[in-house]
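Work through the exercises below with the sequence and the model in view. Try each task before reading its solution.

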Amino acid sequence: MKRKLLSQSLLLAVLLLGACACLTSRTRLLAQTASAKATGEKTSGLNIQIEPVESDEASLPPEFRVAIYENLVEAVGKTGKFQHVFRSGDRAADATPHLLILHTRVVGFKPGSQKKREVTTVAGATIIRSSVQLVTREGRTVFTREVEGKVRFFGENLNATSDFAKKVAATIRLTPLPDRS
Amino acid sequence: MVRAHMCENAIPLIGCCLLAVAAVLLGSPTRLFGQQPGPSRGSAVETVPNATHVLGLENVKRRARGRLAIDGNTLRFYVGLAAAEVNISSIQDVFTGQDSKQLVRGKTGMMAKMAMPYESGRVLSLLASQKIDVLTLEYRDSNGGLHGVIFTLPKGQAPAVKRQLVELGAHASVSPAEGPAKP
């Protein structure tokens, strides 16, 4: 009786170990496939170059123009849709295939005031309105959008540039990009 | 009777808030309504303490506080023992401007202001602000890529830094003799 119980428990333990081993190997295979898929999306072969921000607004301070540019470089890089993000004038981009170019033109700017926002809550918003265009190296337009970045209740005025860059990145993420061909 | 009781409780609360505001005003390192003395026009700027890196430098956190130094042909920003540097001859443009910043800021400061009773947090926002200078640089890296860097400096420091950078070879579309852009 005792021998029978022992042999049955041993058999059960072996079966359980085998099942666990099978599950682990299957999970590892699935993870490898997923990671390959993820890297496949990131290394789609497309590259992008960010051009400096142009402005129709004489009242746009230079620190806003620079902050929009730097935040765009960071935000577009985080989309994961491009193999490499080049800055304007980077010589390495000249020989790079499948290059898209991002142009930004500020068409409206309301400076706002952090003090006014914190004292009144309803007034003092900083708003940046820009026309964003993504084109191929050959000049074909992928998309043209009006994007608005703002900071309303709390935060510094320059936070509007970060909000703007995130919205541009979201637009790029949602837009179907041209194939490498 | 209830109203009288409320008034009795309100008076010490208002008094505490006024004391807190007075402590912030008196304890702030710079005068709020006066000008901070800056370096003389002809003096060379070597180090600017209490500088804040807003964004742009690689391997330096945003909002990092440190000191800005001009060392030969290099502009350096020291954060503790680490430093980020920009070759002055690679600077394409230099801009200066003026701004103001809240003395009580950040998420913690915002929460503290919201928690203050009888809207006294708004009074603090109105009174506790400080004038600062903004220094904006555009430079090219070794590959020709355009970079932008923004620093905030104590009031009155940015024009002298710009003058020094231009003398050492930086380009500027607006000459240092012209005044900085005012908000």
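**Exercise 1: a covered helix**

Find what covers the buried residues of helix 4 of chain A.

Solution. The cover includes strand 1 (47–50), helix 2 (62–78), strand 4 (99–110), strand 5 (126–136) and strand 6 (141–151) of chain A. Contact means heavy atoms within 4.5 Å. Helices (H or I, at least four residues) and strands (E, at least two) are DSSP runs, numbered from the N terminus. This is a predicted model, where local features need pLDDT of at least 70, side-chain atom pairs count only at pLDDT 80 or more, and totals for chains, interfaces and linings use all residues. Residues are numbered from 1 along each chain as its sequence is written, chains are lettered from A and ligands numbered from 1 in the order in which they are written, and side-chain values use heavy atoms, leaving out hydrogens and water.

Next, list the buried residues (under 20% relative accessible area, 1.4 Å probe, protein chains only). Among them in helix 4 of chain A are A:Ala160, A:Phe164 and A:Val168. Residues three or four places apart point the same way, because an α-helix has 3.6 residues a turn.

**Exercise 2: the whole chain**

State how many helices and strands chain A has.

Solution. Chain A has four helices and six strands. Their order along the sequence is α-β-β-α-β-β-α-β-β-α. Of the 181 residues in chain A, 38% are buried.

**Exercise 3: a histidine in chain B**

Decide whether B:His147 is buried or exposed.

Solution. B:His147 lies in strand 7 (residues 146–154) of chain B. Its relative accessible area is 3%, so B:His147 is buried. Residues that B:His147 touches include A:Glu70 and A:Arg87.

Notes
Buried < 20%, exposed > 50% of the residue type's maximum accessible area, 1.4 Å probe, protein only.
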